[in-house]
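This briefing goes through the fold of one protein model by topic. Please keep the sequence and the coordinates open while reading.

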Amino acid sequence: MTIESNVSAIGTPIPLSQIPASLATIADDESRAINVVDLLLRQAIVHRASDIHLEAKRSGLVVKYRIDGTLLVVAHLEHALTSLVLTRLKVLSRLVIYQKTVPQDGRLEYRLGDRTYQFRVAFIPTLHGEKTVVRLAEALDRPLGLDELGMPPDMLRRVRRLIASRQGVALLTGPSSSGKTTTMYAMILAIYHEAGDAINIATLEDPIEVDLGCISQTPIPSGGEMTYLDGLKGLLRQDPDVLMIGEVRDPETARIVVQAGLTGHLVISTIHSGRAWTIYARLLNMGIEPFLVASAIQGTIAQRLVRRLCENCKRAAPVDVETRRRLCLDLDAPIFEPVGCTACEGTGYHGRTGIFEILESNDDLQEIVLRRAAARELADCARQLMAGDLWSDAMRKVEAGTTSLAEACRACGCQMPGETDETD
């Protein structure tokens, strides 16, 4: 269902700290829930939130926005309003309003100004009522290009070589919401912009996050009528040149993806692993024969997202020489830290960028995979082949003043210099 905002344009965001006051001014009448939902959706858009979390607690409904990957509490709604707000969202998402004991998923459209925004809505029962997550499916005005992802030039050249081969498999890995789909979109759009309609590009996604407009995109239906495996088999009968598969989830899908890469297709997909080189071990553990893995995989990419420092309030941070040497930081580069101001809602950050590691296959790596060498040997070989790893790319962005040392450590899963583990 498409709903119209009660304002004609996006306008100026209400500061997050003032959203509770704005909610309190909404008249207590039969349209109250409608206006509350409208305000929450509108402010989520203007504040660049990727998700709205509505958590039913004993005291009422807690509303949170996920902005730049971080959850921020924006409001507490009284208990009497909880059911009304959640029911309004169910109506908009065409869900069963009286069903509160099983999970439900739906979609809604919200028109604000001259744009229509797509939201995915998910309900699940909890102890004190339903928890709801509303995800903005199209958070970008347009898909990003390869040169906008945050890759340094040496890594960008490697990615362009991967997609120029037009055969084999390129696999991406990273945590949930680490930008993998954005990277895959950038890769296939780069192919399309070079080849145009002379190449057949198809995607299989669950769900489709952005309508690219120029490429055939196939969604996985929520009712279970078609699985990833069914869709992949069907797409391979459509004479594709390039395939983007949302995720390799099981051994059978992995086997078909690998075989497709060996028979003249370029397949771009994601897989849960961790690092660029551990993707090889993951495929072997899924039962894919070593000679298939070694022959088909052209390259692997691991990525994370780091928050960008707010340009309005970031300040230089003292970092001693010993720490700089230990972290391989330039001894003279200024290092910045977050402060917090009205422009960034007091967080010290505004926007995000990627950190990457990219591993291209070669004869040495293939030989290690073929003989199922130990993980340490695989990792040592990978480090020699890569232009840099996640940590070194994060440090590049720290030196450039793009992000803070604390944020780089958070994204890479390590401690800040000087911190100690309390369990030691």
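The notes below cover the sheet, the cores, the helix packing and the backbone.

This is a predicted model, in which local features need pLDDT of at least 70 and side-chain atom pairs count only at pLDDT 80 or more, while totals for chains, interfaces and linings use all residues. Residues are numbered from 1 along each chain as its sequence is written, and side-chain values use heavy atoms, with hydrogens and water left out. Helices (H or I, at least four residues) and strands (E, at least two) are DSSP runs numbered from the N terminus.

- Seven strands form an open sheet in the order 10-9-11-12-8-13-16, with mixed pairing; two strands count as paired if DSSP finds at least two bridges between them.
- Strand 10 (216-219) and strand 16 (349-360) are the edge strands, each pairing on one side only.
- From one strand to the next, the twist averages 20 degrees; angles run from 0 to 180 degrees between N-to-C directions, and axes are lines fitted to C-alpha atoms, for helices over the stretch in contact.
- Strand 9 (residues 201-205) pairs with strand 10 in the parallel sense over four bridges, and Leu204 stands opposite Thr218 in strand 10.
- Helix 7 packs on the sheet, where it touches strand 8 (168-173) and strand 12 (266-270), and its direction makes about 135 degrees with that of strand 8; contact means heavy atoms within 4.5 Å.
- Helix 13 (residues 390-399) also packs on the sheet, touching strand 13 (297-309) and strand 16, with its direction at about 140 degrees to that of strand 16.

- Strand 13 and strand 16 pair in the antiparallel sense over ten bridges, and the bridge partner of Arg304 in strand 16 is Ile355.
- Ten of the twelve residues of strand 16 are buried, where buried means under 20% relative accessible area, exposed over 50% and partly exposed in between (1.4 Å probe, protein chains only).
- In helix 13, the buried residues are Leu390, Asp393, Ala394, Met395, Lys397 and Val398.
- The cover over these buried residues of helix 13 includes helix 4 (153-164), strand 13, strand 16 and helix 14 (405-412).

**Nonpolar cores**

- The largest nonpolar core has 42 residues, and Leu171, Tyr280, Leu283, Val293 and Leu359 touch the most other members; such a core is a set of buried Ala, Val, Leu, Ile, Met, Phe, Trp, Tyr and Cys residues joined through side-chain atoms within 4.5 Å.
- Helix 7 (residues 251-262) gives the most to this core, with five residues.
- A second, separate core has 38 residues, among them Ile45, Ala56, Leu86 and Leu108.

**Helix pairs**

- Helix 2 (residues 32-46) packs against helix 3 (residues 79-92) at an angle of about 70 degrees, with the axes 9 Å apart.
- Helix 2 and helix 3 are therefore roughly perpendicular to each other; 65 to 115 degrees counts as roughly perpendicular, under 35 as roughly parallel, over 145 as roughly antiparallel and the rest as oblique.
- Arg32, Ala33, Ile34, Val36 and Val37 of helix 2 make this contact with Leu81, Leu84, Val85, Arg88, Leu89 and Leu92 of helix 3.
- By class, the contact of helix 2 with helix 3 has nine nonpolar, no polar and two charged residues; Ala, Val, Leu, Ile, Met, Phe, Trp, Tyr, Cys and Pro count as nonpolar, Asp, Glu, Lys and Arg as charged, and the others, Gly among them, as polar.
- Helix 11 (residues 363-370) and helix 12 (residues 375-385) have axes that come within 10 Å and cross at roughly 170 degrees, so these two helices are roughly antiparallel to each other.
- Asp364, Leu365 and Ile368 in helix 11 meet Glu377, Leu378, Cys381 and Leu385 in helix 12.

**Backbone**

- Most residues other than glycine have a negative phi, and most peptide bonds are trans.
- The peptide bond from Asp206 to Pro207 is cis, with omega near -5 degrees, and Pro207 is in the loop between strand 9 and strand 10.
- Arg166, in the loop between helix 4 and strand 8, has a positive phi near 60 degrees and is partly exposed, with a relative accessible area of 24%.
- Ser177, in the loop between strand 8 and helix 5 (180-195), has a positive phi of about 60 degrees and is partly exposed at 42% relative accessible area.
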